[in-house]
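Hi there,

Here is the structure I said I would pass on. Have a look at it first, then read my notes below.

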Amino acid sequence: MVMNDLVAIPPVLPGIDGNSVILIAGGSGAIGSHAAAALSKMGARVAITGRSRERVDDCAHSVTYGGEVIGLVADITSSAQVKAAVESTMDRWGHIDGLVNLAAVSDSGRSLEDVDDDEIATVLQTNLVGAIYLARACADAMKKQAKGSIINVSSIGGHRVTPNRVTYGPAKAGLEHLSRQLAVELGNFGIRVNTMSPGQTPSLLCHFDETPGQAPVSSDPDGNPTPTRRIPLSRLGRFEDYVGVILFLLSDLASYVTGVNIWVDGGTSVLR
Ligand SMILES: NC(=O)c1ccc[n+]([C@@H]2O[C@H](COP(=O)([O-])OP(=O)(O)OC[C@H]3O[C@@H](n4cnc5c(N)ncnc54)[C@H](OP(=O)(O)O)[C@@H]3O)[C@@H](O)[C@H]2O)c1
């Protein structure tokens, strides 16, 4: 795994230090592993989760720079597995300060008439229902210390409609509303809940072909090319672009920030 300079030289932020414990669901993925690396470099202890034992272990090993990083297997669609992962984290370190929920699957880009029941269930269960399981389990832990930060990771697809994406976009829109709902439900316990919405980024979830001299074009399942002229900052996202906002929202710098969505998309969302 290649980490860039931003991750190699993390900032010092109030509220993130050697005593911090952060759970990153989907932490074995592209964005999550960059966030885990930065947190470890800052001394924080990090539990990364995913469905693949090999992937979480490999990732935990490769992103450990300072603070301990462990890999836990947990399918977010299982309430019991989510609860067990949170309990393992509590057993090991005694508390949880932050939850970053990146776990998600994409859809096949099929139309309403073609999408099958399995896909509807899988995308909604992973991208929305699992987030409720996670927030519930972590909030129970965070309430004990009357403090916590939860970050759900959405997408431009949660706001803008792309034809034939009848599951991914609506699930992400629901995820954002879940953050707002939980900001209200949990504010009284000192728990902040926010959303970050990344722009299009080459990853396992969303693949891109880049030909030198030509605008990069997405080949993700919606089939809609996104040339960089549609991105005010003129480039696709990079995994490391998202680390700064994740760290900010986890830190005490954001202690009065809850219920918001922060776009990290090179300006794509403001372009008509
Ligand atoms: N990359 C983009 O262009 C882009 C753009 C907008 C938004 N986003 C959002 O950003 C987040 C992270 O994206 P990424 O690019 O880092 O994706 P990624 O590399 O595919 O990572 C996805 C992570 O989620 C885990 N996961 C998937 N299904 C799971 C399940 N049922 N239970 C537990 N873990 C599960 C994966 O591990 P296992 O497969 O081992 O379970 C992996 O760790 C996602 O929420 C995505 O929707 C990405």
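Ser 234 counts as exposed because it has 12 C-beta neighbours inside 10 Å. (A residue is buried if 20 or more other C-beta atoms lie within 10 Å of its own, exposed if 12 or fewer, and partly exposed in between; C-beta atoms are placed from the backbone.) Ser 234 is found in the loop between strand S8 (217–218) and helix H7 (243–250). Its phi is near 65°, a positive value in a residue other than glycine. About those labels: helices (H or I, at least four residues) and strands (E, at least two) are DSSP runs, numbered from the N terminus.

Ala 146 is another case: its phi is near 55°, positive although the residue is not glycine. Ala 146 sits in the loop between H5 and S5, and it is exposed, with 10 other C-beta atoms within 10 Å.

Before going further, two notes on reading the model. Residues are numbered from 1 along each chain as its sequence is written. This is a predicted model, where local features need pLDDT of at least 70 and side-chain atom pairs count only at pLDDT 80 or more, while totals for chains, interfaces and linings use all residues.

pLDDT is the predictor's confidence in each residue, from 0 to 100. The mean for the protein chain is 90, and 88% of its residues reach 70 or more. Over residues 207–223, though, the pLDDT is below 50, and beyond near neighbours in sequence this stretch has 35 contacts in the model. (Two residues are in contact if their C-beta atoms, placed from the backbone, lie within 7 Å.) Where pLDDT is low, the predicted coordinates should not be read in detail.

Now the sheet. It is open, with 7 strands in the order S3-S2-S1-S4-S5-S6-S9 and parallel pairing. (Two strands pair if DSSP finds at least two bridges between them.) S3 and strand S9 (261–264) are the edge strands, each pairing on one side only.

How many residues of S1 are buried? The count is 5 of the 5, so S1 is largely enclosed by the rest of the structure. S1 runs parallel to S2, joined by 5 bridges, and Ile 22 has Val 46 as its bridge partner in S2. S1 also runs parallel to S4, with 4 bridges; here Leu 23 is partnered by Leu 99.

Next, look at helix H3 (residues 53–62), where Val 56, Cys 59 and Ala 60 are buried. They cover an arc of only 100° around the axis, which puts them on the same side of H3. (The arc is that of the directions from the helix axis to the C-beta atoms.) Glu 54 and His 61, on the other side of H3, are exposed. The buried residues pack against helix H2 (30–41), strand S2 (45–50) and strand S3 (69–73).

S2 and S3 run parallel, joined by 5 bridges. The chain crosses from S2 through H3 to S3 in a right-handed β-α-β crossover. (Right-handed means that, with the strands pointing away from the viewer, the path from the first strand over the helix to the second runs clockwise.) S1, H2 and S2 make a right-handed β-α-β unit too.

Enjoy exploring!
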